[in-house]
Amino acid sequence: MNDQTPRNLVIFSNREPYIHAHTRHGIEVQRPASGLVSALEPVMRKLGGLWIAHGSGSADAETCDTSGVIAVPPEDPLYRLKRVWLSPTEQRQYYDGFSNEALWPLFHLAHHQPIFRRTDWDTYTRVNERFANSLSDAELSAASSILVQDFHLALVPQFLRSRISQAQLSSRIALTWHIPWIPSEIYKICPWAKDLLAGMLGADLITFHTASYGINFLESCERLLECRIDRERQTVTFKGRDTKVKATPIGIDPPPLANKNQSTLKGAIFRKFGVSAEILALGVDRLDYTKGIPQRLLAIEEFLDKNPQFLGKFCFIQIASPTRTEVTAYRNFSLRVQSETQRINQKFKTQLSMETSELKVHPLLYCPPIRLVLENQTWESLGELYRAADLCIVSSLHDGMNLVAKEYVWAKGNLNGALLLSKFAGASHELPEAFLFNPYDQEESARLIYTALTASQSELRERMKKMNHRVTARDARAWAEDILSSMTA
Ligand code: GDG
């Protein structure tokens, strides 16, 4: 073991915490917009160690040594990042294919048929093995805790396990699952359902964001594998080894926000996005079909149809950051959201200009009720939007947790605002004081927008206070430390 070998923590994730990219100004370091990275980075900074991830930046290879290692954070190195290289075909089959076209729709009940290709599965298996083997023998024997992140790397625990057993090491492995786990009747349509479970059970601990996902997982193991389930201890015994299953909801730890006045902020935001209104409603999502954006737009349309007194006063800004643009379903989804927005905005414009309309708004003063922003925002800009918004709508059709709900509550601090939150987002278990709704029920969703906008200030304050207390009490660091301590318990 040399000085550079980490003594303790190793993290595996698909996404890297620092990306080096060629830009007009030379090589720049970028931080990805990822809840997972922001939850684990503070822990890695504190404990030091090794983070293994896919080297995805255009200048990644030039900025690290011959074994793919670079010390980070670049300005003040505290741990090592080791990059795993993938060919364009591997990236297409392992990431776009099996991860995003098969597992993602499979685990989100959002009515998108998963696409299972044998070539994608084979590459997924090979890439998972490559990730596991990128940890050298010396690094493996020095690692006491290994944290494997999410569904892209479900087989890594099994590949590591065989090396750990052979070398008779005491390293412990946790797999943290960030998306839902579905009932076994649906899960078993995956042609490699058993292999995936066996891969995961190489871990000592598997965490989910809610207890119900853990229950579904135990049931999948029971139905598909020859194993023993102990529901009291929440363990699966498979091939003579125990894996503990635990609900460990992820928390957030965003950077601080400048303390600006809410109405000044709102004015600045309306100017920035070229809209004018009194009420600011907000949506922030990756442009993903699981987030229920079209359902949200239709609910807003029905709300305005039924409550035309809000026309001209209400503006909904949807931040929709482009994501997985290599996947056809995502490109089609983006077009659908754009055309739905145009249709709704045009409909109300036409309605207002009709002679019979009771609401006389001069065409030059007409402000479309929906502003769709298809660009990634800085954290500062997001924080300001959260703080200024009177209403934040999270309408996921299914979501492991949903950090946007927590970020809105966190950014509000002691200010008032209303959170409309899907019952099918994991966050709804921790935030029952939100206005909870079924995003498939358009009538209920529209009614709830009205209810939230007309609720008394004292009701909003009560609800927000309770949620804010819970979100700030259990941050990202608490989540990671909970996992680390459960691994050794
Ligand atoms: C997966 C699970 C689970 C969004 N747009 C911008 C931006 N974001 C940030 C948000 C938030 C994150 O991205 C999105 O997190 P979510 O939790 O909402 O959703 P997923 O990306 O699907 O995450 C999810 C999560 O893993 C963690 O376990 O909660 O259920 O699906 O932090 O703020 N950030 C910036 N600019 C943007 O335009 N900077």
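Angles under 35 degrees count as roughly parallel, over 145 as roughly antiparallel, 65 to 115 as roughly perpendicular and the rest as oblique. The model is predicted: local features need pLDDT of at least 70 and side-chain atom pairs pLDDT 80 or more, while totals for chains, interfaces and linings use all residues. Residues are numbered from 1 along each chain as its sequence is written, and side-chain values use heavy atoms, with hydrogens and water left out.

**View A. Packing of helix 13 on helix 14.** Helix 13 (residues 379–388) and helix 14 (residues 403–412) cross at roughly 70°, and their axes come within 8 Å. Axes are lines fitted to C-alpha atoms, for helices over the stretch in contact, and angles run from 0 to 180 degrees between N-to-C directions. Helices are DSSP runs (H or I, at least four residues) numbered from the N terminus. The two helices are therefore roughly perpendicular. W379, G383, Y386, R387 and A388 of helix 13 make the contact (heavy atoms within 4.5 Å) with V404, E407, Y408, W410, A411 and K412 of helix 14. This contact has seven nonpolar, one polar and three charged residues. Ala, Val, Leu, Ile, Met, Phe, Trp, Tyr, Cys and Pro count as nonpolar, Asp, Glu, Lys and Arg as charged, and the others, Gly among them, as polar.

**View B. Packing of helix 3 on helix 4.** The axes of helix 3 (residues 88–107) and helix 4 (residues 118–133) lie 8 Å apart at an angle of about 110°, so this pair is roughly perpendicular. Residues in the contact include Y94, F98 and L103 of helix 3 and W121, Y124 and F131 of helix 4. By class, the contact holds seven nonpolar, six polar and four charged residues.

**View C. Packing of helix 1 on helix 18.** Helix 1 (residues 35–47) packs on helix 18 (residues 476–488) at an angle of about 65°, with the axes 8 Å apart. Helix 1 is therefore roughly perpendicular to helix 18. Among the residues that meet are L40, P42 and V43 in helix 1 and W479, A480 and L484 in helix 18. Nine residues of this contact are nonpolar, one is polar and three are charged.

**View D. Domain 1 against domain 2.** The domain assignment, automatic or from a database, gives domain 1 (9–251 + 476–488) and domain 2 (262–473). In the contact, 26 residues of domain 1 face 21 residues of domain 2. The domains bury about 1,800 Å² between them, 63% of it on carbon and sulfur atoms. Buried area is the accessible area (1.4 Å probe) that two parts lose on being put together, summed over both. W104, H112 and I250 supply 26% of the area that domain 1 buries against domain 2.
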